[in-house]
Amino acid sequence: MQIAIASGKGGTGKTIVSSNLAYYLNKIGKSVALIDCDVEEPNNHIFYEPTWFADENVNRLVPQVDTIRCTGCEKCAEFCQFGAIVCLKGKVLTFPELCHSCAGCINICPTSALEKTSRKIGEVQLGLKDNLLIVQGMLRVGEAMSPPLIKEVKRHGIGKEIVIIDCPPGTSCPMIQAVKGSDFVLLVTEPTPFGLNDLKLAVETIRELGIPFALCLNRSTIGDEKVWDYCKIENIPIILEIPDDRQIAEAYSQGKLFLEVLPHYEKVFVELLTSLEEIKSC
Amino acid sequence: MKVALSSKGQTIESQLEERFGRSPNFIIYDLGNDSYQAIDNTQILNSAQGAGIQAAENIVNTGVDALISGNVGPKAFRALQAAGIDIYLTRGTTVKKALDDFKKGKLSKAKSNNVDGHWF
């Protein structure tokens, strides 16, 4: 089962939920992979300090022009929807940072003047801690497009009984790439106006993707009632509530899993799993 | 010789727009007969990324030999350079004044982009 932990708003607690849920599932004997898809800032490793055992480069296909074969026909430039290849006065220029690696230009070129080359976009790192597989992506600094890396990171979770995906924030391509293919999405938000606004965007996105989802309310004892009101109207189950507890924040700030420091919180995760089972069976 | 100028408005009395790729208009000035036409760049101004490259394509197609603008980023610079367009940078002026300065040789040619890309 693949569970994606996502949110619209950043800083709502995706990583605290992901890292602790993975910890709990691993503790009760499941075979778990924790996949950190927040490739601009993967943080789950901080709570585990895993033993890294593999580090792989991730490359992406980009075109390169053979100026001798190129006739300046402009077909490639007309084809590219991202402006990553232009033809100016018969000279073809490529802009790899804008390229989405579709290879359309290469396939369309009548004189085979475009060749496939690769561009490093980041790394996938694999680690282990007490049988828990931890996978994270590290986007190369300066790289603008993370979805191809996220796709690679996710590939390493295949085969595990439960895969927890810690998604990047937002509701654009990186988040969608991370969520895609999941059996369930747990949206994390906080009961604040910003939390609600971005939750609505995330709900619209997940509905479009057609994946079953429920809500985790973090710092549930702050803010106002509006997230609850919204969930009632929209019929969204709230299956995990984490209160605004200073001790949780302290554990987090010290890089510790709060379930380890405050084991009495295990019961909220037990309830979460029960709710997940119920949702799965209906 | 034709010169392109990034412009806030559609006449030569307009303020020179400092941004190149996201300039609302371009004034294409023909020094041969002292006439000009304005081209609308709004569609490119609103594009998510690669505005500089598209704007370069736009002005290259008008057959200009030089560009006068406020700032040119790395990708636009590469594109303009490949097309053999000379770039002159000036700021806080009108299109008309910038043209006069250009004609008097007061503007110097840019050797590289003067600003960074927006996300690199």
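Modeller: Happy to. The contact draws on 12 residues of chain A and 14 residues of chain B; please keep in mind that this is a predicted model. On the side of chain A that touches chain B, strands β4 (85-88) and β5 (91-94) of chain A each supply at least two residues.

Now let's step back into chain A. Chain A is divided into domain 1, made of 2-58 + 122-281, and domain 2, covering 67-112. The C-alpha centres of domain 1 and domain 2 of chain A are 39 Å apart. Along its principal axes, the C-alpha trace of chain A spans about 70 × 45 × 35 Å. Chain A holds 10 helices and 11 strands, and 44% of its 282 residues count as buried. If you count the contacts in chain A with a separation of 6 or more, 73% of them come from residues 24 or more positions apart.

Helix α1 (residues 14-27) of chain A has 14 residues and reaches 20 Å from its first C-alpha to its last, close to the 20 Å expected at 1.5 Å a residue. Of the 14 residues of α1(A), 13 are buried, so this helix is largely enclosed by the rest of the structure. After α1(A) comes Gly29(A), which has a positive phi near 95°.

Five strands of chain B form an open sheet in the order β3-β2-β1-β4-β5, with mixed pairing. At the edges stand β3 (35-40) and β5 (86-89) of chain B; each has a single partner strand, so one side of each is left without a neighbour in the sheet. On average, neighbouring strands of this sheet are turned by 20° against each other, direction ignored. Helix α4 (residues 95-103) of chain B packs on the sheet and touches β1 (2-7), β2, β4 (66-69) and β5 of chain B. The direction of α4(B) makes about 145° with that of β1(B).

For a specific pair to find on your screen, Asp30(B) has Ser35(B) in β3(B) as its bridge partner.

Key:
Residues are numbered from 1 along each chain as its sequence is written. Chains are lettered from A and ligands numbered from 1 in the order in which they are written. This is a predicted model: local features need pLDDT of at least 70, side-chain atom pairs count only at pLDDT 80 or more; totals for chains, interfaces and linings use all residues. Two strands pair if DSSP finds at least two bridges between them. Helices (H or I, at least four residues) and strands (E, at least two) are DSSP runs, numbered from the N terminus. Axes are lines fitted to C-alpha atoms, for helices over the stretch in contact, and angles run from 0 to 180 degrees between N-to-C directions. Two residues are in contact if their C-beta atoms, placed from the backbone, lie within 7 Å. The expected span of a helix is 1.5 Å times one less than its number of residues. A residue is buried if 20 or more other C-beta atoms lie within 10 Å of its own, exposed if 12 or fewer, and partly exposed in between; C-beta atoms are placed from the backbone. Domain bounds come from an automatic or database domain assignment.
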